[in-house]
Every structure is written in C-alpha cells, then in structure tokens.
Amino acid sequence: MKTIHITSQDELRHVAEAVIAATGRRTVVAFRGEMGAGKTTLIREIVAALGADDTVTSPTFAIVNQYEGAHGRRIHHFDFYRIDDVREAFDLGYEEYFYSGDLCLIEWPEKIEALLPEDAVEVRITVDSDTARTFEID
C-alpha cells in the first residue's frame, strides 16, 4: 500500500500519477471517501494525466461518463451513489465495462461491492482538513 499526504490541490497530480502506476495491468479502480472528499477531483486529474481533453464531471445522474485519453484509450467514469439496488448495475451492463480492458474509475463502489473484480485497485481518501487529504492506494 502506498500512502500520500497532500496539503494543497496543486499536489493532486502526484496522486493521479501514483494511481495510474498502481493499476499496472488492472483496469478497475474503486475510489472510497466521504461526500466532498475529492473523488471526482482526483478522477479529473487522472483523466487529464492520461491525455484526455474532456471536461470531467461526476456522472451522478447518468451513472457513467466516457472519456477518450491518448491513443484512443477509453476511460469510463462511474458514480454509483444514486443506485438503490445492485441490479441497476446489471441493467447498465457493468460487466461489458469492467471486463472490456478499458479503464474504469468508480465512485461509491460500496453500492456494488459484490460486483467489483477481486483485483480492483482501491483508493481511500481521508479528509484531514479543508485543504489536506490522505490517499491510500492499494
């Protein structure tokens, strides 16, 4: 496990690079943290680091947004906050995304815990203060 402490959002690029490095051949990354911890903000940095020019917003209502990184790499950004039943993930066709080989970045993975691949990268975000965060990448 790698732990990174930051005191400013300006340092987030280093966290994004660490998450990307931790994926290796894995393609599913689960982001855990309380509301407002910075999950979407970190995902925005990861998507930018992968060469996407897209505007990254939380797909709270759409559940999934797709971005295109460098060399046509597809990136899927999920927000499962609003689902009430794991069957909604099946209706969305989560398997096609999670096992496509494309990068899948997941907010609120607690809502679909049983569906996550065993080798998913875990990123835990702890709010230390208004500007400081601790990231645990596993």
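A crossing of two helices is called right-handed if the near helix is turned clockwise from the far one by less than a right angle, and left-handed if it is turned anticlockwise. I wrote this down before opening the structure, which is a predicted model.

**Entry 1: the two helices**

I looked up helix α1, residues 12-23, and helix α2, residues 39-49. Their axes come within 9 Å and cross at roughly 70°. Angles of 65 to 115 degrees count as roughly perpendicular, and α1 is therefore roughly perpendicular to α2. I recorded the crossing of α1 past α2 as right-handed.

Which residues of α1 and α2 meet? On the α1 side I listed L12, R13, V15, A16, V19 and I20. On the α2 side they meet T41, L42, E45, I46, A48 and A49. Sorted by class, this contact has 9 nonpolar residues, 1 polar residue and 2 charged residues.

**Entry 2: positive phi angles**

I next turned to backbone angles. I63 is not a glycine, yet its phi is positive, at about 75°. I found I63 in the loop between α2 and β3, the strand of residues 64-68. Is I63 buried or exposed? Its relative accessible area is 17%, and buried means under 20%, so I63 is buried.

W108 is another residue other than glycine with a positive phi, in this case near 60°. W108 belongs to the loop between β5 (103-107) and β6 (121-127). With a relative accessible area of 16%, W108 is buried.

**Entry 3: a glycine in a loop**

I located G69 in the loop between β3 and β4, the latter covering 74-79. G69 is buried, and I noted a relative accessible area of 7% for this residue. What does G69 touch beyond its neighbours within four places in sequence? I noted contacts with L50, G51, A52 and I75.

**Entry 4: strands around β6**

Lastly, I followed the pairing of β6. How do strand β2 and β6 run, parallel or antiparallel? Strand β2, residues 28-32, runs parallel to β6, and 4 bridges join them.

T126 stands opposite T134 in β7. I noted that β6 and β7 form a hairpin, with 5 residues between the two strands.

Note on methods
Residues numbered from 1 in each chain as written. Predicted model: local features only at pLDDT ≥ 70, side-chain atom pairs only at ≥ 80, totals over all residues. Heavy atoms only, no water. Axes fitted to C-alpha atoms, helices over the stretch in contact; angles between N-to-C directions. Parallel < 35°, antiparallel > 145°, perpendicular 65-115°, else oblique. Contact = heavy atoms within 4.5 Å. Nonpolar A, V, L, I, M, F, W, Y, C, P; charged D, E, K, R; others polar. Buried < 20%, exposed > 50% of the residue type's maximum accessible area, 1.4 Å probe, protein only. Pairing = 2+ DSSP bridges.
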